[in-house]
Amino acid sequence: MNETYTLHRGTRPLVISVPHAGTEIAPEVAAALLPRALAVEDCDWHLDRLYDFAAELGASLIVPRYARYVADLNRPPENTPMYPGQNNTELCPTRFFSGEPLYRDGRAPDEAEVQRRVASYWRPYHEALQGELARLRAEHGHAVLFDGHSIAAELPWLFEGRLPDLNLGTAAGHACAPALRERLAAVLAAQSRFGHVVDGRFKGGYITRHYGRPQDGVHAVQMEMTWPCYLAEAMPPVWDAARAADARAVLRTLAETMLAWRP
């Protein structure tokens, strides 16, 4: 176990990453944040629990310890916007998803602090993820990355209206083989419990775009799931066993489809 993440190494060519499931705030960061931020309201709540079928399937699972407010593992190290022309949060976020400031006046991280966090929190996760994908690709000839996320269904500062329940992203088809994208879309179309979209508002963040290299044998997809799919309305959101069972069933079928598929 690394001090900034945990990695369960599987034996089959699938890595599940949940880069925003961390909930801890490093003490040196906490001192600069507004009190509201310590509740880490914008984390991807309980996703490590939702994807806990990974070990049973023989898949790898990587989970960070620290919250996205410390360093957002799904942003590029150059801190370029993921969705140009729309409101975005940064590599080291300075705003809540509602748009209000995260930091006390004058305490937002400067460039030196951003680079320190990249070295301490961002880079170890990515080195582990890259290493695991390389290991599995060497063993199996290919690897698939399933990048799991969750979010409130309505966040006016980030997007208009209400998100579909399940948002599958493949970087508009560039991050995985077309045949895999089609199979996963068919899984979503075959169920009626959740609304869904493929490559809608959330097409995939840095992880999907960076690691998805079909020409090199690595295929990546992102799932952005809305909280009501598996959580009860509260803050912090509360695990709902009945909802979670339905959501997990769909996620597991997607993972099984990824494992059954071959380039």
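How exposed is Arg65, given as a relative accessible area? Arg65 is partly exposed, at 33%. The class runs between buried (under 20% relative accessible area) and exposed (over 50%), with a 1.4 Å probe and protein chains only. Notes on the rest follow.

1. **Basis.** This is a predicted model, in which local features need pLDDT of at least 70 and side-chain atom pairs count only at pLDDT 80 or more, while totals for chains, interfaces and linings use all residues. Residues are numbered from 1 along each chain as its sequence is written, and side-chain values use heavy atoms, with hydrogens and water left out.

2. **Arg65 and Glu24.** The side chains of Arg65 and Glu24 form a salt bridge, 2.9 Å from N to O. The pair links distant parts of the chain, 41 residues apart: Arg65 sits in the loop between S3 and H4, and Glu24 in the loop between S2 and helix H1 (27-30). A salt bridge here is a side-chain nitrogen of Lys or Arg within 4 Å of a carboxyl oxygen of Asp or Glu. Helices (H or I, at least four residues) and strands (E, at least two) are DSSP runs, numbered from the N terminus. Glu24 is partly exposed, with a relative accessible area of 35%.

3. **Arg9 and Glu132.** A search of the whole structure gives 19 salt bridges. One of them joins Arg9 to Glu132, with the closest N and O atoms 3.3 Å apart. Arg9 lies in the loop between strand S1 (5-8) and strand S2 (14-17) and Glu132 in helix H4, so the pair ties together parts 123 residues apart in sequence.

4. **Asp240 and Arg243.** Here too the side chains meet in a salt bridge, at 3.4 Å from N to O. Arg243 is partly exposed, at 27% relative accessibility. Elsewhere, salt bridges that share partners join Arg9, Glu132, Arg135 and Glu139 into one network.

5. **Ser60.** Ser60 belongs to strand S3 (residues 60-64). Ser60 is buried, with a relative accessible area of 0%. A polar atom of the Ser60 side chain lies 2.8 Å from the backbone nitrogen of Gly10. Polar contacts are pairs of N or O atoms within 3.5 Å; within protein, one must be able to donate a hydrogen and the other to accept it, and residues adjacent in sequence count only if both atoms are side-chain atoms. Beyond its neighbours within four places in sequence, Ser60 is in contact (heavy atoms within 4.5 Å) with residues including His8, Arg9, Gly10, Glu132 and Arg135.

6. **Asp72.** Asp72 is in the loop between S3 and H4. Asp72 is buried, at 0% relative accessibility. Its side chain reaches the backbone nitrogen of Asn74 at 2.9 Å. Outside four places in sequence, Asp72 contacts His20, Thr89, Glu90, Leu91, Pro93 and Trp122.

7. **Cavities.** On a 1 Å grid over the protein atoms alone, a cavity is a set of points where a 1.4 Å probe fits but cannot get out; lining residues have an atom within 4 Å of a point. Points are joined across faces, edges and corners, and a volume is the space filled by probe spheres set on them. The count is two cavities of 30 Å³ or more. The second largest cavity has a volume of about 60 Å³. Its lining includes Thr4, Pro64, Arg65, Tyr66 and Tyr125. By class, the lining has eight nonpolar, one polar and one charged residues. Nonpolar covers Ala, Val, Leu, Ile, Met, Phe, Trp, Tyr, Cys and Pro; charged covers Asp, Glu, Lys and Arg; the others, Gly among them, are polar.

8. **Largest pocket.** A pocket is an open set with protein on both sides within 12 Å along at least five of seven lines. The largest pocket holds about 240 Å³ of space. Its lining has 18 residues, with Ala152, Glu154, Leu155, Trp227 and Met235 nearest the centre. The lining divides into twelve nonpolar, one polar and five charged residues.

9. **Second largest pocket.** This pocket has about 190 Å³ of space. Helix H4 (111-140) and helix H6 (206-211) each supply at least two lining residues. H4 gives the most, with four. The lining includes Gln130, Arg137, His210 and Asp216. Its classes are four nonpolar, two polar and three charged.
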